[in-house]
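Reader: I have a chain to go through with you. Can we take it piece by piece, beginning with the strands?

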Amino acid sequence: MSTTGEEKPKLKPTKIFKCKNQDCKAWVRDEFADAEQSCPICKGPMLRSMRHLPAVQNKAKPQPRKPLSEL
């Protein structure tokens, strides 16, 4: 346990896909899952589930645009 006063991230219910194979512990957030929904490790079928996870910011930060003269 840390005693430096660090706060734990707030958890929220998150849709995930987890591998159906009991020997495989792979899972992926719904927003990052492939369209085919196969396990990224064992390539087996995935099952929709829920897990309490910290929120992620999955939006890319805008990059400054270069002027056309520099291209």
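Reader: In β3, what is the bridge partner of Lys18?
Author: Leu47 is the bridge partner of Lys18 in β3. Before going on: this is a predicted model, in which local features need pLDDT of at least 70, side-chain atom pairs count only at pLDDT 80 or more, and totals for chains, interfaces and linings use all residues. Residues are numbered from 1 along each chain as its sequence is written, and side-chain values use heavy atoms, with hydrogens and water left out.

Reader: Which residue in β3 stands opposite Cys19?
Author: Met46 does. Strand β1 (residues 11-19) pairs with β3 in the antiparallel sense, over nine bridges. Two strands count as paired if DSSP finds at least two bridges between them.

Reader: And how many bridges between β1 and β2?
Author: Three bridges, again in the antiparallel sense. Ile16, for instance, stands opposite Arg29 in β2.

Reader: What is the strand order in the sheet?
Author: The order is β2-β1-β3, an open sheet of three strands with antiparallel pairing. β2 and β3 are the edge strands, each pairing on one side only. From one strand to the next the twist averages 40°; axes are lines fitted to C-alpha atoms, for helices over the stretch in contact, and angles run from 0 to 180 degrees between N-to-C directions.

Reader: How many helices?
Author: Zero helices and three strands, so the elements run β-β-β from the N terminus on. Helices (H or I, at least four residues) and strands (E, at least two) are DSSP runs, numbered from the N terminus.

Reader: Switching to cysteines. How many disulfides does the search find?
Author: Zero in the whole structure, where a disulfide is a pair of cysteine sulfur atoms within 2.5 Å.

Reader: Is Cys39 buried or exposed?
Author: Cys39 is buried, at a relative accessible area of 0%. Cys42 is partly exposed, at 34%. Buried means under 20% relative accessible area, exposed over 50%, and partly exposed in between (1.4 Å probe, protein chains only).

Reader: Now charges. How many salt bridges?
Author: One salt bridge, the rule being a side-chain nitrogen of Lys or Arg within 4 Å of a carboxyl oxygen of Asp or Glu. Arg48 forms it with Asp30, and their closest N and O atoms are 4.0 Å apart.

Reader: Where do Arg48 and Asp30 lie?
Author: Arg48 is in strand β3 (residues 46-54) and Asp30 is in the loop between β2 (27-29) and β3, so the pair ties together parts 18 residues apart in sequence. Arg48 is partly exposed at 49% relative accessibility, and Asp30 is partly exposed at 28%.

Reader: Last topic, the whole chain. What percentage of the residues count as buried?
Author: 17% of the 71 residues. The accessible surface comes to about 6700 Å², with 52% belonging to carbon and sulfur atoms; accessible areas come from the Shrake-Rupley method with a 1.4 Å probe, and for residues only the protein chains shown count as cover.
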